[in-house]
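Please walk me through this protein.

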Amino acid sequence: MRSDKEHTFRKIYDELFNSLVIHSVRLGVPFESAKDIVQECFIRLWENFSRIDSHSSYIFKAVRNSSINFLSSSKNSMQGKILHLEEINHSDTHEEERLAMERFHKVEEAYRKILSLTGKCREAFTMVYVHRMKIKDAAEELSVSENTLKTYLKRAKETLQKL
C-alpha cells in the first residue's frame with residue numbers, strides 16, 4: 001500500500017507531467033530537453049515534498065525557472081525571448097498561475113489532438129505549425145512536393161476541426 005506522500009506525488013505527476021513538458025517546449029526548450037527539465041523538477045519536488053506547501057505551484061515555478069535557465073545557458077537562445085521569459089518570471093500571483101495552468105491544459109489537449117493525426121499529416125502539421133518551418137523546408141525534409149505538403153496540411157486541419 002502506498003503512503004499518502006506517494007499517492008499525492010503520483011497524482012500530481014500524472015496530472016501535470018505532460019502539461020509541464022508542453023509548457024517548457026512553448027517557452028522555447030527542445031522537446032527532449034523539456035522532458036529532462038520536468039523530470040529533474042519532479043525529483044526536486046520529491047526530495048523536498050514535506051517542506052513544500054503548494055506542490056502544484058512549486059512544480060510549475062520550478063519548470064518555468066529551469067526552462068529559463070536552460071534557455072539562458074543554451075547556445076541557440078535568443079536574448080529577446082529570454083528577457084520576455086524573465087518578465088514572466090516576476091509575475092507570481094496565484095491567479096496568473098491558475099490561468100496559466102488552464103492554458104497548459106488547453107495546449108495539452110491540442111497536442112493530444114495533433115498526436116491523433118496519422119503519419120504524414122501529423123508530421124507536416126507539426127513541422128509547419130508547431131516548429132514553424134517554412135512550407136518549402138518542411139516539404140524538402142519530408143521528401144514531398146510543396147503541393148503534397150499543402151494537401152497533408154489541409155487534411156490535418158480538416159481532421160482537427162472534426163475532433
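The paragraphs below go from the whole chain to single residues.

This is a predicted model, in which local features need pLDDT of at least 70 and side-chain atom pairs count only at pLDDT 80 or more, while totals for chains, interfaces and linings use all residues. Residues are numbered from 1 along each chain as its sequence is written, and side-chain values use heavy atoms, with hydrogens and water left out.

The protein has eight helices and zero strands. Both kinds of element are DSSP runs numbered from the N terminus: helices are H or I with at least four residues, strands are E with at least two. Along the sequence the pattern reads α-α-α-α-α-α-α-α. Of the 163 residues, 34% are buried. Here buried means under 20% relative accessible area, exposed means over 50%, and partly exposed lies in between (1.4 Å probe, protein chains only). The protein exposes about 10,700 Å², and carbon and sulfur atoms supply 50% of that area. Such areas come from the Shrake-Rupley method with a 1.4 Å probe; for residues, only the protein chains shown count as cover. Contact means heavy atoms within 4.5 Å. Among contacts with a separation of 6 or more, 58% join residues 24 or more positions apart.

Next come the cores. A nonpolar core is a set of buried Ala, Val, Leu, Ile, Met, Phe, Trp, Tyr and Cys residues joined through side-chain atoms within 4.5 Å. The largest one has 22 residues, of which Leu16, Leu20, Val38, Phe42, Leu45 and Ile59 touch the most other members. Helices α1 (4-26), α2 (31-47) and α3 are the elements that give two or more residues to this core. The most come from α1, with seven residues. A second, separate core holds 15 residues, including Ile114, Leu117, Ala124 and Ala156. Back in the largest core, take valine 38. Leaving aside neighbours within four places in sequence, valine 38 is in contact with Phe17, Leu20, Val21 and Val63.

Serine 24 is found in helix α1. Why does serine 24 count as buried? Serine 24 has a relative accessible area of 0%, so it is classed as buried. Not counting residues up to four places away in sequence, serine 24 touches Val29, Ala34, Ile37, Val63 and Ser67. Serine 66 lies in helix α3 (residues 55-73). Its relative accessible area is 17%, so serine 66 is buried too. With the residues up to four places away left out, serine 66 touches Ile37, Cys41 and Arg44.

Now turn to a loop. Serine 50 is found between α2 and α3. Is serine 50 buried or exposed? Serine 50 counts as exposed because its relative accessibility is 73%. Serine 50 and lysine 5 are 45 residues apart in sequence and 8.3 Å apart in space, C-alpha to C-alpha.

The axes of α6 (residues 119-130) and α7 (residues 135-142) come within 9 Å and cross at roughly 145°. Axes are lines fitted to C-alpha atoms, for helices over the stretch in contact, and angles run from 0 to 180 degrees between N-to-C directions. The crossing of α6 past α7 is right-handed. A crossing is right-handed if the near helix is turned clockwise from the far one by less than a right angle, and left-handed if anticlockwise. From α6, Lys120, Glu123, Ala124, Met127 and Val128 meet Ile135, Ala138, Glu141 and Leu142 in α7. These contact residues divide into six nonpolar, no polar and three charged. Ala, Val, Leu, Ile, Met, Phe, Trp, Tyr, Cys and Pro count as nonpolar, Asp, Glu, Lys and Arg as charged, and the others, Gly among them, as polar.

Lysine 120 belongs to helix α6. Lysine 120 is partly exposed, with a relative accessible area of 35%. Not counting residues up to four places away in sequence, lysine 120 touches Leu142 and Tyr152. Lysine 120 and leucine 153 are 33 residues apart in sequence and 9.0 Å apart in space, C-alpha to C-alpha.

The last stop is serine 143, in the loop between α7 and α8 (146-162). Serine 143 has a phi near 60°, a positive value in a residue other than glycine. Most residues other than glycine have a negative phi. At 67% relative accessibility, serine 143 counts as exposed.
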